[in-house]
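Please go through the packing of this protein with me.

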Amino acid sequence: MADLIDRCGALGGRRAGDGVNLLLPDGVPSPSDEPGANGRGDGLSVRWLDSSDPDDLALVRAFVESCPAEDVDEADIFVDQPDPVICVFVDDRDTIAAYASGRAFWAAAGFDDIGVLVRPDHRGVGLGAAVVHEFAAARCGTASQLYRHDVENVGSAGVARAVGFVELHRVHAFDFAD
């Protein structure tokens, strides 16, 4: 691999980033029965959104506007072209605290390419792993579950690990624009 990376650099390629592709090998692990172990916390409930419903899309739009643009971009959330399957945790004010969605992976339609985002004021308590677990548990019989993240995104790596994803391979991206 080091040879390939060196050759890309020698050909004028600029390292654009590294990513990890992960899969759930044997379905979703069972959640713990211990109180609070699902990571949702008090006052949050699970809701499945309809990507064609204007009210549901307004809820997603408000959520996206409450999150940093860089995080929304990394989670691949496109309000104007929403993923077909969306699972959220909503609070008692009917605002999204955590979001997971999936669309067919561009390179293999039998895989849900999962996106996840947690509202900044709800981070650090396990909601990312909980909403991805909820999503993957419901979708495992329908499609294989693919989770991708940038190597340097330690939060996303923690979500994947907590749900039970295992590394399939690493991706090295180069920019040859010049």
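## Basis

This is a predicted model, in which local features need pLDDT of at least 70 and side-chain atom pairs count only at pLDDT 80 or more, while totals for chains, interfaces and linings use all residues. Residues are numbered from 1 along each chain as its sequence is written, and side-chain values use heavy atoms, with hydrogens and water left out.

## Layout

The protein has five helices and seven strands. Both are DSSP runs numbered from the N terminus: helices are H or I with at least four residues, strands are E with at least two. From the N terminus on, the order is α-β-β-α-α-β-β-β-α-β-α-β.

The protein has 178 residues, and 39% of them are buried. Buried means under 20% relative accessible area, exposed means over 50%, and partly exposed lies in between (1.4 Å probe, protein chains only). Take the contacts between residues at least 6 apart in sequence: 71% of them join residues at least 24 apart. A contact means heavy atoms within 4.5 Å.

## Nonpolar cores

A nonpolar core is a set of buried Ala, Val, Leu, Ile, Met, Phe, Trp, Tyr and Cys residues joined through side-chain atoms within 4.5 Å. The largest one has 25 residues. Phe89, Leu127, Val131, Val132, Tyr147 and Phe165 have the most contacts inside it. Two or more residues each come from β1 (14-23), β3 (85-90), β4 (96-105), β5 (108-118), α4 and α5 (154-163). Helix α4 gives the most to this core, with seven residues.

## The α4/α5 pair

Helices α4 and α5 pack at an angle of about 50°, and their axes are 9 Å apart. Axes are lines fitted to C-alpha atoms, for helices over the stretch in contact, and angles run from 0 to 180 degrees between N-to-C directions. The two helices are therefore oblique to each other. Angles under 35 degrees count as roughly parallel, over 145 as roughly antiparallel, 65 to 115 as roughly perpendicular, and the rest as oblique.

On the α4 side, Gly128, Ala129, Val132 and His133 take part; they meet Val159, Ala162 and Val163 in α5. The residues of this contact divide into five nonpolar, two polar and no charged. Here Ala, Val, Leu, Ile, Met, Phe, Trp, Tyr, Cys and Pro count as nonpolar, Asp, Glu, Lys and Arg as charged, and the others, Gly among them, as polar.

## Val132 and Tyr147

Val132 lies in helix α4. Its relative accessible area is 0%, so Val132 is buried. Leaving out residues up to four places away in sequence, Val132 touches Ala100, Ile114, Val116, Tyr147, Val159, Val163 and Phe165. Val132 and Tyr99 are 33 residues apart in sequence, yet 8.1 Å apart in space, C-alpha to C-alpha.

Arg139 is found in helix α4, which covers residues 127-139. Is Arg139 buried or exposed? Arg139 is buried, because its relative accessible area is 16%. Beyond four places in sequence, Arg139 touches Val85, Asp112 and Gln145.

His149 is found in strand β6, residues 144-150. His149 counts as buried because its relative accessibility is 9%. Beyond four places in sequence, His149 touches Gly19, Val20, Leu22, Ser156 and Ala157.
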